Amino acid sequence: MQKLKKYFFERKTAVVAKELLGQILVRKTEKGLISGIIIETEAYLGKEDLASHANRGKTPRNQIMFAEGGFWYIYLIYGIHHCLNIVTEKNNRPGAVLIRALEPLRGLKEMKINRQTENIKNLTNGPGKLCQALKIDRRLNQTSALNADSELFIVQSKISIPENKIKKAPRIGVDYAGIWKDKPLRFYIKDNLFVSKR
DNA sequence: TATTGGATCGCC
DNA sequence: GCGATCCAATAG
């Protein structure tokens, strides 16, 4: 049960996004632990990346993207859903990885309650869905994933994902981003049943 | 101060 | 394919 540490996150965002595949996201709640294997991520880079919230510089919402690695960046999208990101790179180097999908591991019962469905494949196969399943909202925004008392953190997996099981693709929902919409900054595990769908 | 549109989801 | 529903970001 080894938490990922600061040096893991303080690297190039695309590298972190890729290496997060297979790692385990853990949520501590009053009802116990809820966890899942990270099977899909997207990298959002700095001000050059037209799809990234950081591209217009620091604002009240995105300021945590400019912090040192290992903080959570959680925001509300479309007025309804939350998106979960982990901040990457060193202080003043904006970047974050969007966690798009999980393979459920523990706390299945809680996830079903939180998501109001019995269908396991529909619990965590999308960024908004996994936040609902793990009870993640903006109360956790700007908190650290690195502390002993973190309510949300990532545990190192014993199993590493072989290179030939990792797929790269353009990011989803960023058609407005010019040449950046086609960059292969989305990473997912091939043939995994919980990859989000278009 | 007003307007616009989004790193989504679920139902029509 | 479209509406839900909030609020950050920008323009005026």
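This is a predicted model: local features need pLDDT of at least 70, side-chain atom pairs count only at pLDDT 80 or more; totals for chains, interfaces and linings use all residues.
How many disulfides does the count come to? The count comes to zero.

**Stop 1: the cysteines**

Select Cys83 and show its side chain. A disulfide is a covalent bond between the sulfur atoms of two cysteines. The cut-off used here is 2.5 Å between the sulfur atoms. Now select Cys131, which is likewise in no disulfide. With the protein surface turned on, check both residues: Cys83 counts as buried because its relative accessibility is 9%, and Cys131 counts as buried because its relative accessibility is 2%.

**Stop 2: the surface near DNA strand B**

Select DNA strand B and the protein residues around it. There are 20 of these residues, and Tyr75, Asn85, Gly128, Lys129 and Tyr176 come nearest. Colour them by class: 10 are nonpolar, seven are polar and three are charged.

Next, switch to a cartoon view. β3 (72-77), β4 (81-87), β5 (96-106) and α4 (127-133) each supply at least two residues of this surface. The largest share, three residues, comes from α4.

Which part of DNA strand B do the atoms within 4 Å of the protein belong to? Sugar or phosphate accounts for 54% of them, and bases for the rest.

**Stop 3**

- Tyr176: an N or O atom of the side chain is 2.2 Å from a phosphate oxygen of DNA strand B.
- Arg115: a polar side-chain atom is 2.9 Å from a phosphate oxygen of DNA strand B.
- Arg100: an N or O atom of the side chain is 3.3 Å from a phosphate oxygen of DNA strand B.

**Stop 4: DNA strand C**

Move to DNA strand C. By class, four are nonpolar, two are polar and three are charged. Of the atoms of DNA strand C within 4 Å of the protein, sugar or phosphate holds 71% and bases the rest.

Finish with the polar side-chain atoms that lie by phosphate oxygens of DNA strand C. For Thr59 the distance is 2.5 Å, for Arg56 the distance is 3.2 Å, and for Arg138 the distance is 3.4 Å.

Note on methods: Residues are numbered from 1 along each chain as its sequence is written. Chains are lettered from A and ligands numbered from 1 in the order in which they are written. Side-chain values use heavy atoms; hydrogens and water are left out. A residue is near a molecule or strand if one of its heavy atoms lies within 4 Å of it. A polar contact is a pair of N or O atoms within 3.5 Å; within protein, one must be able to donate a hydrogen and the other to accept it, and residues adjacent in sequence count only if both atoms are side-chain atoms. Helices (H or I, at least four residues) and strands (E, at least two) are DSSP runs, numbered from the N terminus. Ala, Val, Leu, Ile, Met, Phe, Trp, Tyr, Cys and Pro count as nonpolar, Asp, Glu, Lys and Arg as charged, and the others, Gly among them, as polar. Buried means under 20% relative accessible area, exposed over 50%, partly exposed in between (1.4 Å probe, protein chains only).
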